[in-house]
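Hi,

Here is the structure I promised to pass on.

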Amino acid sequence: MITVNKCGYGSRHTSAFNNLNPRGNEDYLLLLIKTEGFFEKDGIYMQLSPNTGILYGKHSHIHYGSRNTDYSDDWIRFDLSGDDILLLSELSLPLETPFSLPFFGTLSDYIRLAAVETMSGSPLRYQILDGLMRALLFSLASQIRAVPYEHNGSKYYQAMNDMRMEVRSAPYKKWKVAELAERMHLSISHFQYLYRNFFGISCIQDVIEARIAYAQHYLVTTEMTVQALAAFCGYENELHFMRQFKKQTGLTPSEYREENRRRRQSPVEDSI
């Protein structure tokens, strides 16, 4: 049986927050992130796009949050017993790994229904919640395996999406379009065309946005100097870093750090 312990639908934060639980929970946590956020594992930070899911195992290191002033997610904590103990492995659901969800709304609806059912007082609510969780997990497995509909005909999509996740996980590396195109066995022009077509952004701009997001996190969580941070985020030139940072955020790195210090004076409690 699948037991729902706690759940939240449309949880919101109106200021930046940092949810860190090194020892994790005693049950499983499925997190559906509706807005931009960040995820950390083994010291590596990843900027998350809207409509991203993360499934945390029992007692796993949990660290995610948002640097923005508007964050929303759905979440559900659950446990497995009896014949269902191996269900997650049977469905090949990845743990502690962000994944894009092409039909996010379907999963969100299941959590909404579960949240309502937990408060219903129905004599059959445990059976209903068990059924909702099965539908949720099977739908999740189906979406993770599926290529988004509009790209079903492209043999390059999955490989390029995997490569993009690698780039965004380590934006500080010296990524070069020519080398990435060669990895995909594509010409530079064809690679750039496919990248923009698949993800709605150029490869270079994607790297820049990931680097700036990386810098935003360390501006908030460390006292690293701007010069050191520029090199840490993959920039050889401090002025180039500062120009790109201000172009992306509207603030200089120092101004961004100071603004977030003011925000943290009135912290918001975590959802989970």
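**The second largest pocket**

Helix α7 gives the largest share of the lining of the second largest pocket, five residues. Helices here are DSSP runs of H or I with at least four residues, strands are runs of E with at least two, and both are numbered from the N terminus. By the way, this is a predicted model, where local features need pLDDT of at least 70 and side-chain atom pairs count only at pLDDT 80 or more, while totals for chains, interfaces and linings use all residues. Residues are numbered from 1 along each chain as its sequence is written, and side-chain values use heavy atoms, leaving out hydrogens and water.

Besides α7, at least two lining residues each come from β5 (44–48), α4 (157–169) and α9. The lining divides into five nonpolar, eight polar and six charged residues (Ala, Val, Leu, Ile, Met, Phe, Trp, Tyr, Cys and Pro count as nonpolar, Asp, Glu, Lys and Arg as charged, the others, Gly among them, as polar).

**The sheet**

Five strands make an open, antiparallel sheet in the order β1-β8-β3-β6-β9 (strands pair if DSSP finds at least two bridges between them). Its edge strands, β1 (2–13) and β9 (99–100), each pair on one side only. Nine bridges join β1 to β8 (residues 71–80), and these two run antiparallel. One to look up: Arg12 has Ser72 of β8 as its bridge partner.
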